[in-house]
Amino acid sequence: MKFGQFDDVRKEYVINTPQTPYPWINYLGNEQFFGLISNTAGGYTFYRDARLRRLTRYRYNNIPLDTGGRYYYLRDHDNNDFWTPGWMPVKRELDFYECRHGLGYTSITGERGGISVNQLAFIPLGYNGEVHRLTVKNTSNANKTVSLFSFAEFCLWNAQDDMTNFQRNLSTGEVEVQDSVIYHKTEYRERRNHYAFYSVNRKIDGFDTDRESFVGLYNGLHEPQVVVAGKASNSVASGWSPIGSHEVKLTLAPGEEQSLVFILGYVEVPEEEKWEAPSVINKKPALAMIEQFATNAEVDRALQELAAYWENLLSKYQINSGDDKLNRMVNIWNPYQCMVTFNMSRSASYFESGIGRGMGFRDSNQDLLGFVHQIPERAKERILDIAATQFEDGSAYHQYQPLTKKGNNEVGTGFNDDPLWLILGTAAYIKETGDTSILDEQVPFDSNPNNTATLFEHLKRSFYHVINNLGPHGLPLIGRADWNDCLNLNCFSNEPGESFQTTANIEGRVAESVFIAGLFVFVGPDFAELCRMRGLEAEANEAVSHIDNMRATTLNYGFDGDWFLRAYDHYGEKIGSKENAEGQIFIEPQGMCVMAGIGVEEGLADKAMVSVQERLDTKYGIVLQQPPYSKYYLNLGEISTYPPGYKENAGIFCHNNPWIMIAETVLGHGDRAFEVYSKIAPAYLEDISEIHRMEPYVYSQMIAGKDAVRHGEAKNSWLTGTAAWNYVAITQAILGIQADFNGLKVDPCIPSAWDGFEITRIFRGDTYVIKISNPNHVSKGVKSITLNGAAVEGIVIPPVGDGGIHEVVVVLG
């Protein structure tokens, strides 16, 4: 069942009902200021850090679902009626409803009783505020008198403290109101130099800033007493929960429409300029921001700039394949999600509350893979930020906070795959840009500016952190966990509520990870090549020797006859082996080891892929392991706490499905690679939205596996490494256009039935129009390449470097 449709021309997803299977959301903002908004106007806004600079309040796990957002109530005085254009929270039946989620904006239209209201929300480029344009139109044949009431509930900045510290927080709320602007200044009198404001670009007929006065003590947002009465109370918050609400009365002739521009903004002022008078905040920066969007024309201009911004980003890789679903994923929605995931890491969605994780070391490096071609300069900044949270021994903080850019002590270090991802992310940046100067940047250890080394030295310590931490079989020690945070082999926990990852109660010099071994062999050659590029031949040769040894060790101790083992536990026992009663085969080492080429020559990689298809595949994607764990295993940790078929316990973990896609392309299996791709690509799942439930335009982290009660149901959409890895799998491995150190590599591995396709790829300032034909209907193998009519030797197109448009013709065979 579908609940909307793609509008490919406008690059929008159009939702036709407010009652989607789950709130379907969008992200606003690209730089420092961000918002989450659902198809019923739910969500919240923050500056840089969703935990420490939360502007508006949102309650997770709320009933009704998705209550709380930026609401606009329409009070129809003629009909004694009130409603909201996004349906929620009033839930009055609408004569017409439509939500259009676009690239960085959302437009919601509701119509009832002869009045149409459009709520357009976006964050302009370079602007620390959310702009909402409300367009109210009289669609009836009679004059209409209405009142429009805005509503936003302010969060007291620190979202975690806001939800827990009521003894203090129910006495601190402070606001100022001047003209048509409400200023939220809780804690500004003391240690803060920032405030929020909520404005509208016309004279108001009233306001409210005290939640109880607006809503009523025993009312809900579906029936606020001010809206029911049809008149604002002009309340001023003092100690209790502050909100922002404007009342604007409108008189509309038949066919007339009027627009109002609301701004929810954030201001920081220098400490010495906090006050314009005793206890009166400095409003000049806010007024300057408000003046920027005083008229409709200025809103339209900012929307055009936003559209041009996205047009430029998406132009870097475009496909014309004849398959609308593939085109919209590659050209629009997958790279859009990659950008959002780059901005957010795993911090703020409808599943991540924004108060815990911040930015992940491993996560952010993986996210770079799907983003680096769009804005490489921001990728460079992110790499340096990530590297600065590394320790001198090559290990790293698992997470860091985006506001401070310092490591998160609550989680700490000890995830032994983390360092290797820095090599992969940095290599991806250099392959895309050719900029090796990043390797000479001085980067701190543990964010200490007095203890620095070059980025290259950081990469070297990442590489040798593995070599310096090998276990009894010569495989890498796993630490607290590797990529699968829920496989906890050194963290035994019997205490309810205790963290599985941070309870590191075993020294951890026995448990080994076959996955990290595969990752080491996969990323190691990039490190060796960086050594060569710096003239360090001896170091490159030494690195290659370590890689070769790890490949041999993995084959000797990491293969179980028909597939790769997952790990060895604290007792030296195998995990992911036919010797186990449960959890006999895992997806991660099959994908990563074959991606690394381990066992390809010996025929073992083919065996592993056959085992994946026979043991792990389902109609909705490949599950993480089989059989699922039916009880809690103390020596395995969190993975065995989930019911069978969910999350890491045999759920379809979409993040690692693309590793199988890529692995299949290594073996030349184009039909199988694309089959796996299309099983989890959201555009291909649109028709089963009642089963899938999550947004049909972005990837989810997890789909319930075949052992689950709700097989095929997705969870944790938007912020997942699934976005970047699926983008890599389809654009680089299947379609076969991949940035390399020496140029643009062309090596497709496609379904044999395909006749061909065309890709436009902007690479290092040049535009390559790549026409790929498949006359012999092969899956893999390049017969010839020409660049501007001249034959190219091999499969790497060297950079032309003239900034022009170049025609590339590729014949497979």
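Visitor: Is Ser-364 buried or exposed?
Guide: This is a predicted model, in which local features need pLDDT of at least 70 and side-chain atom pairs count only at pLDDT 80 or more, while totals for chains, interfaces and linings use all residues. Residues are numbered from 1 along each chain as its sequence is written, and side-chain values use heavy atoms, with hydrogens and water left out. Buried means under 20% relative accessible area, exposed means over 50%, and partly exposed is in between (1.4 Å probe, protein chains only). Ser-364 has a relative accessible area of 0%, so Ser-364 is buried.

Visitor: Which helix holds Ser-364, and which residues does Ser-364 touch?
Guide: Helices (H or I, at least four residues) and strands (E, at least two) are DSSP runs, numbered from the N terminus. Ser-364 belongs to helix H8, residues 361–371. Touching is contact, meaning heavy atoms within 4.5 Å. Leaving out residues up to four places away in sequence, the partners of Ser-364 are Ser-345, Met-359, Arg-382 and Ile-386.

Visitor: What relative accessible area does Arg-461 have?
Guide: Arg-461 sits in helix H11, residues 455–467. Beyond four places in sequence, Arg-461 touches Glu-392, Asp-393, Gly-394 and Phe-445. Arg-461 is partly exposed, with a relative accessible area of 24%.

Visitor: How many residues of helix H16 are buried?
Guide: Helix H16 covers residues 657–666. Its buried residues include Trp-659, Ile-660 and Glu-664. H16 is largely enclosed by the rest of the structure, because the buried residues number 9 of the 10.

Visitor: Which residue just after H16 takes a positive phi?
Guide: The buried residues of H16 include Ala-663, Glu-664 and Thr-665. Just after the helix, a positive phi of about 85 degrees is taken by Gly-668.

Visitor: What separates the C-alpha atoms of Ile-737 and Ile-770?
Guide: Ile-737 is in strand S38, residues 737–740, and is buried with a relative accessible area of 1%. Among the residues that Ile-737 touches, not counting those up to four places away in sequence, are Tyr-317, Val-746, Ile-770 and Ile-772. Ile-737 and Ile-770 are 33 residues apart along the chain, and their C-alpha atoms are separated by 9.1 Å.

Visitor: What percentage of residues 11–293 is strand?
Guide: UniProt, in an unreviewed entry, gives residues 11–293 as "domain: Glycosyl hydrolase 94 supersandwich". UniProt positions follow the numbering used here, feature names are shortened, and annotations may be inferred rather than shown by experiment. Over residues 11–293 the chain is 9% helix, and its strand content is 46%.

Visitor: What percentage of residues 309–736 is helix?
Guide: For residues 309–736, UniProt lists "domain: Glycosyl hydrolase 94 catalytic" (unreviewed entry). The end C-alpha atoms of this stretch are 26 Å apart.

Visitor: What is the radius of gyration of the protein?
Guide: The radius is taken over C-alpha atoms, and the globule rule is 2.2 Å times the number of residues to the power 0.38. With 813 residues, a compact globule would come near 28 Å. The protein agrees with that, having a radius of gyration of 28 Å.

Visitor: What percentage of the 813 residues is buried?
Guide: The secondary structure comes to 19 helices and 45 strands. Along the principal axes, the C-alpha atoms fill a box of roughly 80 × 60 × 55 Å. Of the 813 residues, the buried share is 64%.
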